[in-house]
Amino acid sequence: MFRRLGLEIISTLGFGVGSFFAACWVQDKWGLFSAVSQHLPLNRILEALVALAVLIALTAFFSLRHFQQFKKQSAAQIEAERRIQSLAYYDQLTGLPNRTLLLDRLDHALAQAKRERRTLAVFFLDLDWFKKVNDSLGHPSGDILLQTATRRLKPYVRKSDTLGRLGGDEFLLILNHAKRHQDVTTFAQRFINLLNEPFKIKGHQISCTGSIGIALYPADGSTSEALMKKADTAMYRAKDKGRNQFQYFQKQIDVEAMDRVRIESDLRSALTAPKGLVFHWQPQASLRHGGIIGIEALARWNHPQEGLIPPDRFIPVAEDSGLIIPFGELMLEKACRYGRELIQAGLSRIRIGVNVSVKQILHSDFPSTVQLILQKTRLPAKALELEITETVLVKEPEKMAATLTKLSRLGVSLAIDDFGAGFSSLNYLQRYRFNRIKIDGSFVRNLTTCQKSEKIVRGVIAMGRELGVEVLAEGVETQEQLNFLVDNNCQSIQGFHFAVPMPALELNQRLKQGLQLDLSLARGLAGPQEAIPLGYAQSPHPL
């Protein structure tokens, strides 16, 4: 009777442990419960069994909850580790492998290529005009462009290859099993074609092509660093050759790259002791009276080992490295000081022409820099002419317009240099206040051999006359070219036919001797040559 009652009580608790003890009690295989019941009352035994069953049940319950919490924490920890790994090895914008993972995979690919003695290709890809998209439409649009470009390229990447983003608008492709040179070329051209299609971003249709540099293992290098560097060098060659194309690395490119590095290093040193940075000066003459109306300052670099280095070799390096800012300010001050000397010598109406780059104009507050230099050198603002190429004018038009307006208010003269060689938009002449148009020398050079050049030059001269803007022809080298320009009422010239660029000491000597353009042989000159007005010829005061 008591055993049956205990079994029911324990069973009602619903615990497997209670059922176990109840079964043991009923069967009493070891005589344990019989022995206990002889010494303890039955109710105490039942209480102990119930308490033990409850204790075991509670222990099982809390163990289950602990297990469930542990399971949740483990899942969260796994997700956190996955997130950390994603942040460490993948680009968060495009989902592609980042620089760290790319380098690791390139190292592994190189090791495998060495073992199997096969070729491997590395593509360094850069989106053309990406900065223009960021500047005009904003960084969110730039991000969309990067994501869209990734979606275009990714389906064409084989499973054995790796496409990743190095940063900015730069991508790297590791092309394994590049068995034939033609296969690499085909792959590169496919990427160029994919990027050549316009992108549609926020209602805008954007053209953003790609430039690719290619380096091959083992021909171009045996380490990740060497291959990436040479692919990068080849990519810049593709950009220099017009963008929207691919270029294989060549040893000549490496030589040129090393030369640029050395030029940049030496130029930095030259800026700290700028005795070697000099100007050669090329006079400009009036076609009315032959007198000097201006002098263009042409930068030269007297390198301690190589001698005189022309500007087309070191100016691009200065532009790319940012050295053009301190270099430009230094040379502008030198030009203004020499202009002041000429004015004191009697050339009171002369203008000193100085070329300025887009980085100078758009850097900080360029008009304030010009104003400070004019004050420092005591050169009148009207005696300074800043020459700006057409290609400069398309960069950040709003900021450019504000800067040119400030310069005009200072009283500085503005000239469009190399007119016709760039975009030649008449909108520039309408939007900005220019004092002079300088016809590019390529048109002047072909005046006697090309009727189209003749028509273009006539048109520019007529346009300048209607707009009230002086026109100067650059690159005049022959009497026939001079005759044509006089016949068509061009106002002024610059070129070897009148004077070559020369150091200041030589120019000073020529000025003392009465340097002027002889117009007596010009067919279109009606009557005798005009006398040179006061201020365009040198006074008796020595330089």
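## The second largest pocket

The lining of the second largest pocket divides into four nonpolar, six polar and eight charged residues. Here Ala, Val, Leu, Ile, Met, Phe, Trp, Tyr, Cys and Pro count as nonpolar, Asp, Glu, Lys and Arg as charged, and the others, Gly among them, as polar. This is a predicted model: local features need pLDDT of at least 70, side-chain atom pairs count only at pLDDT 80 or more, and totals for chains, interfaces and linings use all residues. Residues are numbered from 1 along each chain as its sequence is written, and side-chain values use heavy atoms, with hydrogens and water left out.

The pocket is lined by 18 residues. Gln 282, Glu 296, Glu 474, Gly 475 and Gln 494 lie nearest its centre. The elements giving two or more residues to this lining are β9 (292-303), β13 (413-419) and α18 (441-445). Helices (H or I, at least four residues) and strands (E, at least two) are DSSP runs, numbered from the N terminus. The volume of the second largest pocket is about 330 Å³.

## The cavity

The structure holds one cavity of 30 Å³ or more. On a 1 Å grid over the protein atoms alone, a cavity is a set of points where a 1.4 Å probe fits but cannot get out, and a pocket is an open set with protein on both sides within 12 Å along at least five of seven lines; lining residues have an atom within 4 Å of a point. Grid points are joined across faces, edges and corners, and a volume is the space filled by probe spheres set on the points.

The largest cavity holds about 50 Å³ of space. Its lining is Ile 325, Glu 329, Gln 360, His 363, Phe 366 and Thr 369. Two are nonpolar, three polar and one charged. Helices α12 (324-344) and α14 (366-377) each supply at least two of the lining residues.

## Helices α6 and α7

Helix α6 (residues 130-137) packs against helix α7 (residues 139-153) at an angle of about 140°, with the axes 7 Å apart. Axes are lines fitted to C-alpha atoms, for helices over the stretch in contact, and angles run from 0 to 180 degrees between N-to-C directions. α6 and α7 are therefore oblique to each other (under 35 degrees is roughly parallel, over 145 roughly antiparallel, 65 to 115 roughly perpendicular, the rest oblique).

From α6, Phe 130, Val 133, Asn 134 and Leu 137 meet His 139, Ser 141, Gly 142, Leu 145 and Leu 146 of α7. The residues of this contact (heavy atoms within 4.5 Å) divide into five nonpolar, four polar and no charged.
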